[in-house]
Amino acid sequence: MALFQRGLIIGLVLAICVVVSNGSVHLGRDDILGTAYLTDSELDMMEPRIVAEPEDGSTTWWYTPSRKAHMHKHRYSSAIRNLQNEYNKKKNQIKQGEDMRLPGDIIPITYNVQMLPFVELIASGNYTTDGYVEIVVECVRATQNISINSAELDIKKSTISILDLETNSPMAVVNFFDEQLSREIVTIQTAVQLVVGKRYKISMNFISTLNDELRGFYRSSYVDGGERKWLAVTQFESTDARRAFPCFDEPSMKANFTVTLGRKETMTAVSNMVQTKSGPISGMPGYVWDYFAPSVKMSSYLVAFLVSDFINIPAKPGVSNVQFRIWARANAANITSYALDIGPQILEYYESYFNIDYPLAKQDMAAIPDFAAGAMENWGLITYREQDLLIDTETASARQKQRVAIVMAHELAHQWFGDLVTMDWWNAIWLNEGFASYMEFIGTDSVEPDFKMNDQFVVENLQYVFGVDALETSRPINIEVNTPAEISSLFDAISYEKGSCVVRMCADMLGIETFKHGLTRYLSKNAYGNAQQDDLWQAMQEQADEEGVVLPATVKEILDTWTYKMGYPVITVTRDYATGGALVSQKRFLLRKSNASEIDPTVYQWWVPLTYVHSKVNINEKLTEWLSKDDASVSLSDLNASADDWVIFNADQQNYYRVAYDKANYGLITAQLMDDHQRIVPNNRAQLLDDTFILASVHMIPYKRALDMSLYLAQEKEYVPWNAVLAEFNYIDSMLHNAASNPDWTVYLTSLVTPYYNHVGFQESKTDAQLTIYARSDAMSWACRLKIKDCVDNAKSKYAELMDDPDNSAILSANQKSVILRTGVENGGQVEWDFAFSQYTSKYDTSFLIAATCSKDATRLYNLLEMMLDSESGIRQSDVNTLFNNVASNPLGNIIATDFLVNRWNDIEQSWLGTRYFVNFFRYVCNRQNTQKQLDTLLKLRTDHFEILGNSNTVQQGIDIVTENIVWMELHQDEIGIWLADPSATEPSPSTEATTPTTTPTSTTQSPSSTTITQTSTTQATTTPSAASGIGKMNAALILVVMLLGKFIVH
């Protein structure tokens, strides 16, 4: 489906390796570094999880959500949980290994679907929909059993009819097998076999339910003028069309759908195709049927219905030949203009880009108040969550505006990738989502070039998924799935973000024009049908051959290494300055390496495009060599660079790998950055910062190299390079908070942030570019945290102005609101705190509650937690996780929250909160903790309440985080402290460069016993082989969890 609530999905924190158990896990931060600030809705939608293992238990499946999947996909995290719980209940009734797939004996040709939802009766508790379906099918393999997908439907068996269309005679039905509960399939058995090549018509009446699970044909509502109004809408991807009507609910079983929807005369109905006529429903005064034209050939998951009291607002004519309308509640008509403006332009641009016309007569977009995804690409009727379509550009933040554009660009791209050409089976869902996640940047750029979407790609998609895909628990892009639960798990960071990165790499490898021509070839050849990734590779190969693009292997051979293997390489470049050549090697990059990897038979080597530039070659003249999947290394005889030229591999960071260099080349790059950083393009500056700090965090290079490189940031004014390094700064900042070197660290950060803040300034301008607004948000967050006077004074002034006129929404810019509120409370007194809390309880604006958690007064923070226990305090239960998480993210609040959890356990349990929050609370306090004493306290707490905490993987995750924070401190705080005292100090020995750390898991057995960290003796200023083995006790993945805690909350 669609793309992304990118602004919200900060989930890499837990996404990297949290196992969700005994409750939801919610982590993240807003744009103030060092503290995680999240609203409850953000928490809920960003919840990373691990889906249960496949039913055969043959392999472990870890699932890390895409930061954008919930924006476009099928259901909220709570609904995903419902699906998994539902399937777990079923599994005991399913025979071991039983196939959930349809047998494929017959295939659908056409559907006639008639639905009458009683929307007007929902308020009285009647959720039924009367349904009738006719399906014309063709027999492709002789059978007496007609199996159709169906789930939670009341099929009227007496109405089932099978008609032989050749003879127009009915066939006797001798049995009906209802396996809806166990397999989501019903089977009709006929007296005689169906004959291969003949067509039959299956028909039946049924009753479905307008559920409240945001899937299938479900009910939604909104309040208008104090009156609750109801509507019925669909969400079928991936396997929920079967909950609305019996169908062949697999993507390859495409057919033409003719839809008829019943409604009250006072309502409206919309479906995929244009409405052809309306007529009264016999015997039901006040009700009408709306008849829609037969659809193009499409998959069942793309069928859409909407019955509501919405109005439609058409786009201005002239931009596109396609009728373009938005359906929304009547009082939202005034906030549709932005979507109506850019939507037809993006559609028109895609027609030109793909050189294929949009095939339908209309493109409707519906704003649904209660919608599980951000959007869903139903052909001709895209459904959106309201905030992802409707926007007031005068008051919305820059992030909100970009979000609307990028979600729309993603969904419209699906009209070609997903709708016109659909993956053959869900294992290749990345062909839908990876392409749409790539095209969203191109489509948005076509209407908003000021957004610089190509630059944003590296921090939004590539560097995010690097963290996810650097774990042994990642997965290949293309894997086998069968059950609904397995299919749901594919809507993750690997399908979306990694998929988009592979597509982007393919475009760079072939050249953009050859790539575009290849897409047109692929789409044209497979239009209205299904495809596998080999079909895409074949189209690209044919186009490359036609245009004379020379590759070292076939497109398939090259790109299969990236789709059938998990992970990615770190490319180590060791230059020979005497000969001008280099030894370039590849090795799978892992944030940690466990013993399990030793028995993995996969050879983790890839076909790697080695694109590079150097001091005398600009990005448009980049050079390319190749490293074969059969080779661990390759010698490049001549880089065409002199000994005093820097060399940077992965030009413009178009390709999917990290890069490590020898010491001398790092020195040359750093010197260039200090002398004239603009000689290196922004994407590569972002790459250098991200790669270098990540490599240092896993001890592949000394931190000195990363910190030396960061010195140039005092001159950096661009958003992307700065944003790429903030998470790494944030982690170091949180770890050194109580360290002796913290004053030096604060002075150093201030020296970097001050010129950045001074460049963008506090005051906004209507002429600010998009990335200037983003840069200001980051700079203000740091500047106010570091107590840079101009930032704090301006924020306090704005806060005071708001206190004088709290209902004046024009006082605070939407782009600055969160920073100003938090800074106002943090630097204020009781009056400022009282104002924030009263605004929260009167308006239920969670940003004020988050601000209240930023107080530096221990009493106020403790009282806030105390109020959390009182159901009459004004704190909503839905905000409890937000409250506790943000208090725990406050350096002072972390101490208070831990104490509160330990000493007020019984009070919490006896309050209205009960026991269901304990697992989350425990996890929230862990991120900042990094001492043995703190770990001992947590271990004792788990032991004392083992019945609640002891078997939770989420709790274990928190303990592992603290354990690894302790080890990180042991290994790196002195090293960093030495550099802060004297950046010119000699760096540690490079003897452990370019080695992936092997991690020996620490002893944190989940039993009622305490665990003590085994201290590792290391010399901080010098890295030796023995020190490198000590790093074996360092779980780098967990360090990255905390390091990336807030990298993407604002993006």
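Select strand S19, residues 362–368, together with S21: the two pair in the parallel sense over five bridges. This is a predicted model. Zoom in on Ala-366 of the pair, whose bridge partner in S21 is Thr-383.

**Stop 1: the other partner of S21.** S20 and S21 pair in the antiparallel sense over two bridges. Pick Met-376; opposite stands Thr-383 in S21. Next, show the hairpin of S20 and S21, with four residues between the strands. Gly-380 takes a positive phi there, near 85°.

**Stop 2: the cover over S21.** Keep residues 381–385 selected and show side chains. Is S21 mostly covered or mostly open? Five of its five residues are buried, so this strand is mostly covered. In a regular strand, side chains alternate between the two faces of the sheet. Check both faces of S21. On one side sit Leu-381, Thr-383 and Arg-385. On the other sit Ile-382 and Tyr-384. All of these are buried, and both faces are covered.

**Stop 3: a residue from the record.** Select Glu-411. The unreviewed UniProt entry lists Glu-411 under "active site". Colour helix H6, residues 398–414, and you will find Glu-411 within it. Why does Glu-411 count as buried? Because its relative accessible area is 0%, and the cut-off for buried is under 20%.

**Stop 4: an open sheet.** Move to the four strands in the order S10-S11-S16-S13. They form an open sheet with antiparallel pairing. Strand S10 (216–224) and strand S13 (268–271) stand at the edges. Each has a single partner strand, so one side of each is left without a neighbour in the sheet. Neighbouring strands here are turned by 15° against each other on average, direction ignored. Inside the sheet, look at S11 (residues 227–235) and S16 (residues 305–308): two bridges join these antiparallel strands. Select Val-233 and find Leu-306 of S16 opposite.

**Stop 5: zoom out.** Show the whole protein chain. It holds 33 helices and 30 strands. Of its 1051 residues, 65% count as buried. The chain exposes about 34,500 Å², with carbon and sulfur atoms supplying 49% of that.

**Last stop: colour by confidence.** The chain averages a pLDDT of 86, and 84% of the residues score at least 70. Select residues 69–98: here the pLDDT is below 50, and the stretch has 106 contacts in the model beyond near neighbours in sequence. Then select residues 990–1051. The pLDDT is again below 50, with 205 such contacts in the model.

How values were computed: Residues numbered from 1 in each chain as written. Predicted model: local features only at pLDDT ≥ 70, side-chain atom pairs only at ≥ 80, totals over all residues. Heavy atoms only, no water. pLDDT = per-residue confidence, 0-100. Contact = heavy atoms within 4.5 Å. UniProt positions renumbered as here; feature names shortened; annotations may be inferred. Buried < 20%, exposed > 50% of the residue type's maximum accessible area, 1.4 Å probe, protein only. Pairing = 2+ DSSP bridges. Axes fitted to C-alpha atoms, helices over the stretch in contact; angles between N-to-C directions. Areas by Shrake-Rupley, 256 points an atom, 1.4 Å probe, with all protein chains shown as cover.
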